Amino acid sequence: MLIEAFNLGKIYPSSGWLSPFGKDGSGTPALSGVDLRLSPGTITGLTGPNGAGKSTLLRILSGRLTPDTGTIALDGREADDAALRSAAALAETGTRNFYPRLSAVDNLYFFGALHGLSRAEVRERTDTLREPLGIGRDDLEKRVDALSEGAAQKLSLARALLRRASALLLDEPARNLDLRSAAGFSALIQELAAKEGLAVLYAAHNPEELAKVCRRVVVIENGKIKG
Amino acid sequence: MILQILAFLRKDFLIEKSYKLSFVLGAASTFTGMAVFFFIDKLFGRVMTPYLAEYGTGYFPYVFTAAAFFGYIGTGAGSYAERLRAEQLQGTLEASLAAPVSPAVFLTALTAWNFIFATFELAVYALAGIFIFKLDLSNANVPALAAVFFLSALSFASLGIFSSCFILLFKRGNPAAWVLNNFEGLLGGVYFPVAVLPLWLQWFSKLLPVTYSIRALQLALHKGAGFAELKVELIALALFALTLAPLSAAAFGAALKKSRKDGTLGQY
């Protein structure tokens with residue numbers, strides 16, 4: 001699926017006590033005039049310093065955050081947040097968005113079901129993702145609060161890949177991964193992009209990591225795309 | 001939709017199961033709470049008799065059934081905000097809402113486990129009332145009671161959804177829950193009939209749906225009152241439900257939209 005963003009802008013409201021009513025100052029600019037095109041079957045890199053707007057851009061493209069200005073089109077048709085949430089899967093870093101008292105596999109069953117996947121479909125998809133992501137069978141049975149940072153990161157990637165979204169948005173996907181798992185993951189997303197026509201946006205700080213997997217790399221600074 | 005609600009139910013059951021002592025201690029505290037009222041009735045029950053004449057029952061049957069009922073409909077009032085807050089603290093709120101789940105399905109799924117658990121607790125209450133505390137519920141008018149339950153649950157669920165809007169927007173500090181927790185029990189006739197209150201507070205109690213719920217429950221349960229006798233209470237509850245349900249749904253949708261706009265769904 002072709003994803004095109006035009007003139008995206010975002011200002012986070014300030015955190016004063018009246019901010020829920022939108023009456024508390026001018027806020028913090030995060031994105032301004034961002035145009036971006038993600039083509040099917042390609043992996044686009046996104047890099048920039050801390051606070052440049054990478055995560056904000058990913059969250060907007062995934063439909064989790066509503067932009068203040070601009071539009072996003074899916075295959076040429078303007079899309080709202082709900083359409084973006086259906087089309088794009090976001091993989092974020094860390095365990096703080098899983099149920100800590102459930103096992104890894106029960107978390108996958110839960111989030112899979114929210115996307116309409118049966119337990120059998122989740123199990124089948126997990127089996128195919130387990131090896132390239134380097135997820136141990138025993139890790140799947142562990143409670144999330146007992147997983148290492150690396151294992152939790154793999155679980156986050158598995159959740160994003162579970163539902164075969166048209167676009168994959170990755171926020172520092174190789175963080176906490178060992179070299180072998182990082183290589184396996186890179187190979188997997190290259191394969192998915194080539195075979196399934198996945199449009200991938202890969203955000204990372206490390207230029208070498210991006211050079212290995214991305215056809216082109218976009219630089220973002222102070223909320224604006226450079227060059 | 002069904003798959004999503006079942007997924008929430010299974011997840012909440014597994015989480016509840018992982019806290020092994022929680023259920024047992026919860027049941028035990030319910031029982032001891034009732035025992036306290038049982039002995040208060042022994043001491044002071046007669047003082048209440050004149051106020052309870054219109055319900056045709058004594059203090060203990062009154063407070064036992066009112067507390068059990070209030071516990072059930074209180075699930076509607078309290079569980080939305082409580083569950084939403086838990087999802088916020090775990091960081092799973094935004095991840096769950098990133099799925100194609102409508103606000104209505106999300107709200108239903110979020111509290112489905114609480115309602116099932118509350119129904120189970122209510123059944124335990126009823127069995128304990130009949131077999132341990134020897135309550136006589138043989139006069140109960142079941143169709144009228146069903147209508148009172150339905151309208152009360154809908155009104156209180158709507159109040160609960162309003163309450164969850166504050167959680168979405170402010171995270172902590174929930175004035176709706178504060179009012180529900182502090183005034184509904186005090187002014188609504190749960191622990192004593194409203195007639196005990198000074199006149200000006202009795203007037204204030206008429207603004208609360210719980211007042212009509214408890215009165216209708218007591219009359220239907222102990223005196224066998226039917227739809228005709230409960231006309232005023234049922235109409236009041238229907239008006240609360242019909243007003244609050246669409247308003248609360250719209251408020252939740254607006255709060256969700258605002259949170260997505262501000263990027264605060266993942267904050268706690």
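## Salt bridges across the interface

A salt bridge is taken here as a side-chain nitrogen of Lys or Arg within 4 Å of a carboxyl oxygen of Asp or Glu. In this predicted model, E94(B) meets that rule with R64(A), their closest N and O atoms lying 3.7 Å apart. The interface of chain B and chain A holds 4 salt bridges by the rule.

## Extent of the contact

Chain A contributes 38 residues and chain B 33 residues to the contact, counted from heavy atoms within 4.5 Å. The two chains bury about 3,000 Å² between them, 56% of it on carbon and sulfur atoms. On the side of chain B, the residues that lose the most area to chain A are E94(B), R260(B) and K261(B), together 19% of what that side buries. Buried area is the accessible area (1.4 Å probe) that two parts lose on being put together, summed over both.

## Nonpolar surface patch on chain B

L21(B), F23(B), V24(B), L25(B), F120(B) and V124(B) form a nonpolar surface patch with about 560 Å² of accessible area together. Patch members have over 30% relative accessible area and no salt bridge, with nonpolar side chains (Val, Leu, Ile, Met, Phe, Trp, Tyr) joined within 5 Å. Two or more residues come from each of α2 (22-52) and α5 (103-131) of chain B, and α2(B) gives the most, with 3 residues. Helices are DSSP runs (H or I, at least four residues), numbered from the N terminus.

V24(B), in helix α2 of chain B, has a relative accessible area of 48% and is partly exposed, the class between buried (under 20%) and exposed (over 50%), with a 1.4 Å probe and protein chains only.

## Cysteines

C214(A) is buried at 12% relative accessibility, as is C165(B) at 7%. The structure holds 0 disulfides over all chains, a disulfide being a pair of cysteine sulfur atoms within 2.5 Å.

## Basis of the values

Residues are numbered from 1 along each chain as its sequence is written, and chains are lettered from A and ligands numbered from 1 in the order in which they are written. Local features need pLDDT of at least 70 and side-chain atom pairs pLDDT 80 or more, while totals for chains, interfaces and linings use all residues; side-chain values use heavy atoms, without hydrogens and water.

Note on methods
Patch = residues over 30% accessible without salt bridge, like charges linked within 9 Å, V, L, I, M, F, W, Y side chains within 5 Å. Areas by Shrake-Rupley, 256 points an atom, 1.4 Å probe, with all protein chains shown as cover.
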